[in-house]
Amino acid sequence: MAQVSINNDYSEWGLSTDAGERARLLQSPCVDTAPKSEWEASPGDPDRGITSTLGAVFIVVNACLGAGLLNFPAAFSTAGGVAAGIALQMGMLVFIISGLVILAYCSQASNERTYQEVVWAVCGKLTGVLCEVAIAVYTFGTCIAFLIIIGDQQDKIIAVMAKEPEGASGPWYTDRKFTISLTAFLFILPLSIPREIGFQKYASFLSVVGTWYVTAIVIIKYIWPDKEMTPGNILTRPASWMAVFNAMPTICFGFQCHVSSVPVFNSMRQPEVKTWGGVVTAAMVIALAVYMGTGICGFLTFGAAVDPDVLLSYPSEDMAVAVARAFIILSVLTSYPILHFCGRAVVEGLWLRYQGVPVEEDVGRERRRRVLQTLVWFLLTLLLALFIPDIGKVISVIGGLAACFIFIFPGLCLIQAKLSEMEEVKPASWWVLVSYGVLLVTLGAFIFGQTTANAIFVDLLA
C-alpha cells in the first residue's frame with residue numbers, strides 16, 4: 001500500500017513565497033509505515049529537486065526571520081551590552097549552522113524528508129514522538145506570542161486614534177482584551193479553519209517585508225533619534241554569566257529554522273551536504289545582519305529601559321513606527337494560521353497513529369475533527385494571551401523549546417548515526433563527531449532546563 005502523509009505536497013517548493021510553503025515544511029510524518037521505496041519519486045521526477053541554491057538561501061532566511069526580531073534589543077540588554085550580545089550570537093551561530101548541516105547529513109543517510117521523520121528514523125520511536133510533541137507545543141506557544149504582539153501594537157495605534165495619553169483607561173471598546181479578541185475572531189479564526197492554507201498567497205512575502213522595514217526603522221531612529229527619546233543606562237558588561245545565558249532563549253527563538261530545513265534540503269536540485277553547508281551559512285549571515293542591526297541599534301537607542309517588544313519603546317505618535325506596527329500586525333495575522341496549521345498537522349498525525357487509522361480511511365471524520373481541533377487551539381491560545389501580557393516570558397519559554405530543535409535533536413541524531421556505523425576500528429573523526437553530538441545535547445538541555453526553571457520557579461516566587 002502506498003504511503004500517505006498529511007498535507008504532503010513537494011511540488012511547490014522553490015523561489016515561491018506561497019504561505020503554504022512554510023506549512024508544508026512542518027508537516028506531520030506519515031501515519032502509515034509502508035516502505036518509502038513504494039511511493040518515493042525517482043531522482044528524475046519533475047516534482048522533486050526544483051529549488052536552486054539561491055532559492056534555498058531565500059527560503060531559509062524567510063523561515064528564520066520573524067516576530068522574534070522585536071525581542072533582540074531586550075536580549076542585548078539582558079546579555080549585558082553590545083559586546084556581550086555580539087559575542088553570544090557569534091558563538092551560538094557556529095552551533096546553529098552545524099545543527100542544520102547535521103540534519104541534512106542524517107536526512108541523506110536515512111532517506112527521510114522532514115524533520116520529524118529524520119528523528120523517527122535515526123533516533124527511534126520514543127524520541128520521534130517527543131519531537132512531534134515538542135513541535136506541537138512550540139507552535140502553540142508561538143501562536144500565543146503572536147496574539148500578544150497584536151495586542152501590544154494595537155494598544156499603541158488605538159492610543160493615537162483615540163487621542164488619549166498612554167496608560168489612560170478609555171472606552172470599553174479600546175480595552176486590550178476586547179481588541180485582541182475581536183481581531184482574533186474576525187480574522188485569525190476564519191483563516192485557521194480551512195484544511196489547506198495555500199490561499200494565503202503573499203503571507204510569507206508580507207512577513208519578510210515587515211521584518212526588513214522594522215529593522216530599517218530601528219536603525220534610522222538610532223541614527224536620527226527623536227528629541228523626546230532618551231536612552232536609559234547603557235550597559236557595557238554583563239552583571240553575571242547567568243545574565244548572558246538568559247539571553248539565549250531569544251536568540252534560539254530568532255534563529256530557529258531547523259524544523260523547516262530538512263524539506264528545503266531535499267527540495268534542492270543538488271541535495272548535497274557540502275552545498276547545503278554553503279546555503280545555510282549564507283542564510284544565517286543574512287539573518288545575523290538583520291538581528292544584529294535591530295538588536296544593537298534598538299539597545300543603544302533605549303539602553304536598559306528598552307521594552308521586550310522594541311516597538312513599544314517608541315512614541316505612539318511616530319508615524320513611521322506606526323507603519324511598522326501595522327506591518328507587524330498584518331504579518332502576525334497571516335502567520336498565526338500557518339503556525340496553527342503546522343501544529344494541527346502534527347496533532348493529527350499523532351492522533352491517527354495512536355488510533356491506528358490510515359489517513360485515507362478517515363476522510364469522513366476529518367472535517368469535524370479539524371474544526372474541533374482548531375476551536376480548542378484557538379480558544380486556549382487566546383485565553384492565555386489575554387492573561388499573559390508579557391511577551392518576554394512567552395518567548396523565553398518557547399525559546400527553550402527552540403533549543404531542542406537547534407541542539408538536542410540534531411545532537412541525538414548525530415550520536416545515533418555515528419553509533420550505527422559498523423566499523424571495528426573507529427577513526428579519530430568518529431570520536432570527535434560523537435563528542436560534538438554530546439556537546440550539542442548538553443548545551444540544548446542546559447538552555448531548555450534553565451528557561452523551564454525560570455518559568456516555573458522565578459515567576460511563582462515573584
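This is a predicted model: local features need pLDDT of at least 70, side-chain atom pairs count only at pLDDT 80 or more; totals for chains, interfaces and linings use all residues.

Mentor: Leaving aside residues up to four places away in sequence, T211 touches L65, G66, L69 and V290. T211 lies in helix α8, which covers residues 203-223. With a relative accessibility of 5%, T211 counts as buried, because the cut-off for that class is under 20%. S331 is 120 residues away from T211 in sequence, yet the C-alpha to C-alpha distance between T211 and S331 is 8.8 Å.

That pairing can be set against the chain as a whole. Among contacts in the protein chain with a separation of 6 or more, 85% join residues 24 or more positions apart. The secondary structure consists of 16 helices and zero strands. Of the 462 residues in the protein chain, 55% are buried.

One of the helices, α11 (residues 258-266), has nine of its nine residues buried, so α11 is largely enclosed by the rest of the structure. The buried residues of α11 are H258, V259, S260, S261, V262, P263, V264, F265 and N266.

Next come two helix pairs. The axes of α4 and α12, the latter spanning residues 273-302, come within 10 Å and cross at roughly 155°. That angle is over 145 degrees, which means that α4 is roughly antiparallel to α12. The crossing of this pair, α4 and α12, is right-handed. On the α4 side, the contact is made by V82, I86, Q89, M90, L93, I96, I97, L100, V101, A104, Y105 and Q108. On the α12 side, it is made by V273, W276, G277, V280, T281, M284, L288, Y291, M292, I296, F299 and L300. Sorted by class, the contact of α4 with α12 holds 20 nonpolar residues, four polar and no charged ones.

The second pair is α5 with α15 (residues 391-419), where the axes are 9 Å apart and the packing angle is about 35°. Here α5 passes α15 in a left-handed crossing. From α5, the residues in contact are Y115, V118, V119, V122 and C123. From α15, they are C404, F405, F409, P410, L412, C413, Q416 and A417. This contact of α5 with α15 divides into twelve nonpolar residues, one polar and no charged.

Between α4 (82-110) and α5 (115-123) there is a loop, and N111 is placed in it. The phi of N111 is near 60°, a positive value in a residue other than glycine.

Is E132 buried or exposed? E132 is buried, with a relative accessible area of 0%. The side chain of E132 makes a polar contact with the side chain of W120 at 3.5 Å. A further polar contact, at 3.0 Å, joins the side chain of E132 to that of R353.

Technical notes
Residues are numbered from 1 along each chain as its sequence is written. Side-chain values use heavy atoms; hydrogens and water are left out. Helices (H or I, at least four residues) and strands (E, at least two) are DSSP runs, numbered from the N terminus. Buried means under 20% relative accessible area, exposed over 50%, partly exposed in between (1.4 Å probe, protein chains only). A polar contact is a pair of N or O atoms within 3.5 Å; within protein, one must be able to donate a hydrogen and the other to accept it, and residues adjacent in sequence count only if both atoms are side-chain atoms. Axes are lines fitted to C-alpha atoms, for helices over the stretch in contact, and angles run from 0 to 180 degrees between N-to-C directions. Angles under 35 degrees count as roughly parallel, over 145 as roughly antiparallel, 65 to 115 as roughly perpendicular and the rest as oblique. A crossing is left-handed if the near helix is turned anticlockwise from the far one by less than a right angle, and right-handed if clockwise. Contact means heavy atoms within 4.5 Å. Ala, Val, Leu, Ile, Met, Phe, Trp, Tyr, Cys and Pro count as nonpolar, Asp, Glu, Lys and Arg as charged, and the others, Gly among them, as polar.
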